[in-house]
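This briefing is meant for a reader meeting the structure for the first time. Please look through the sequence and the model, which is a predicted one, before turning to the points that follow.

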Amino acid sequence: MSAIPFVTLDEPRYGAAVQVSPLVRRVIANNPSKYTYLGTGTYIVGHGDVAVIDPGPVLDEHREALTAALEGQRVRAILVTHCHSDHSPLAAWLRDETGAPTIAFGPHAVSEPDPEIDDEIEPGVTLEETTDTDFDPDVRVGDGEVAAMGAGWTMRAVYTPGHTSNHMCYAFDEEQALFTGDHVMGWSTTVVSPPDGDMRAYIDSLRKVMERDDVSLWPTHGAPVTSPKPFLEAFLEHRLERESQVLAVVRFGHADIEEMVKQLYADVRVELHKAAGRSVLSHLIKLVDDGLVTVEGKGKAARYLPN
Ligand SMILES: [Zn+2]
């Protein structure tokens, strides 16, 4: 696989509002994990008159840190990128505290695992981030719309489905920056887990960000990406390479996902193979849709054959 120029973050100062650009501060929540890296980064844009992006998980110390960071500030908008439990749950609390509207593409789409393609999900096995199904924004924004404005800042919605079907990035016009949520992260590739995760949509959304002229990308987790073009090219290349590898193993005669994962992720720890299987499934769904692969049977018994 081609190398992605991942960027890492120094030891975070949990709970502190750190100035990361002239108009942006970030407070990192102490919820590190394999999906959140060092933790959720909640952004505060503006001075005096502010927007908050992804208030984060329900953690008392994060709530207190935000309270301290927002003291004396007027919160104008609470923007949410998507409804995973490390991003949106504190939005309701912050709205109650400040009266500011919550703004997002919409609530998490109701998408139960589809038994036609999928009986892999077992109770108690966490294959992906958990979902905040309670979140329903006060204001729904569409692609390209101004999501919020304040003194010295304009936030514009950039619809980027793929990681989830309701994923929204927010462009900060004045700093030519894009808040990318989990769509593009500096430290890792993002999870694309069907049915709500969609590889075709994800790849299209990557291309959409590539066509923009952002100077910096600010993910919810990890360091900013300050050379977006080469980084995004490597990201896209990685996905396309994986897709062609999946197609190659199908053509070689590996018909079930477990076998494919063994071939494709031989260098990855076995504990991660189930999660890898979700990613392979997302590529297979796209390949079936492209007419390159046929699927016979359902769920665990599904067999994928080349066309
Ligand atoms: Zn997420």
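A171 has L178, a residue of strand β11, as its bridge partner. The two strands involved, β10 (residues 168-172) and β11 (residues 177-181), run antiparallel to each other and are paired over three bridges.

**The sheet**
- Strands β10 and β11 belong to an open sheet of five strands, whose order is β8-β9-β10-β11-β12 and whose pairing is mixed.
- The edges of this sheet are taken by β8 (146-150) and β12 (216-219), and because each of them has a single partner strand, one side of each is left without a neighbour in the sheet.
- From one strand to the next, the twist averages 25°.

**The helix pair**
- Helix α5 (residues 257-264) packs with helix α6 (residues 273-289) at an angle of about 105°, and their axes are 9 Å apart.
- An angle from 65 to 115 degrees counts as roughly perpendicular, so α5 is roughly perpendicular to α6.
- On the α5 side the contact is made by I257, M260, V261 and L264, which meet H273, A276, G277, V280, L281 and L284 of α6.
- Sorted by class, this contact of α5 with α6 has eight nonpolar and two polar residues, with no charged residues.

**The cavity**
- The model has one cavity of 30 Å³ or more, and the space in this largest cavity is about 30 Å³.
- Ten residues line the largest cavity, and of these I28, G39, G41, T220 and G222 lie nearest its centre.
- The lining of the largest cavity is made up of three nonpolar, six polar and one charged residues.

How values were computed. Residues are numbered from 1 along each chain as its sequence is written. This is a predicted model: local features need pLDDT of at least 70, side-chain atom pairs count only at pLDDT 80 or more; totals for chains, interfaces and linings use all residues. Side-chain values use heavy atoms; hydrogens and water are left out. Two strands pair if DSSP finds at least two bridges between them. Helices (H or I, at least four residues) and strands (E, at least two) are DSSP runs, numbered from the N terminus. Axes are lines fitted to C-alpha atoms, for helices over the stretch in contact, and angles run from 0 to 180 degrees between N-to-C directions. On a 1 Å grid over the protein atoms alone, a cavity is a set of points where a 1.4 Å probe fits but cannot get out, and a pocket is an open set with protein on both sides within 12 Å along at least five of seven lines; lining residues have an atom within 4 Å of a point. Grid points are joined across faces, edges and corners, and a volume is the space filled by probe spheres set on the points. Ala, Val, Leu, Ile, Met, Phe, Trp, Tyr, Cys and Pro count as nonpolar, Asp, Glu, Lys and Arg as charged, and the others, Gly among them, as polar. Angles under 35 degrees count as roughly parallel, over 145 as roughly antiparallel, 65 to 115 as roughly perpendicular and the rest as oblique. Contact means heavy atoms within 4.5 Å.
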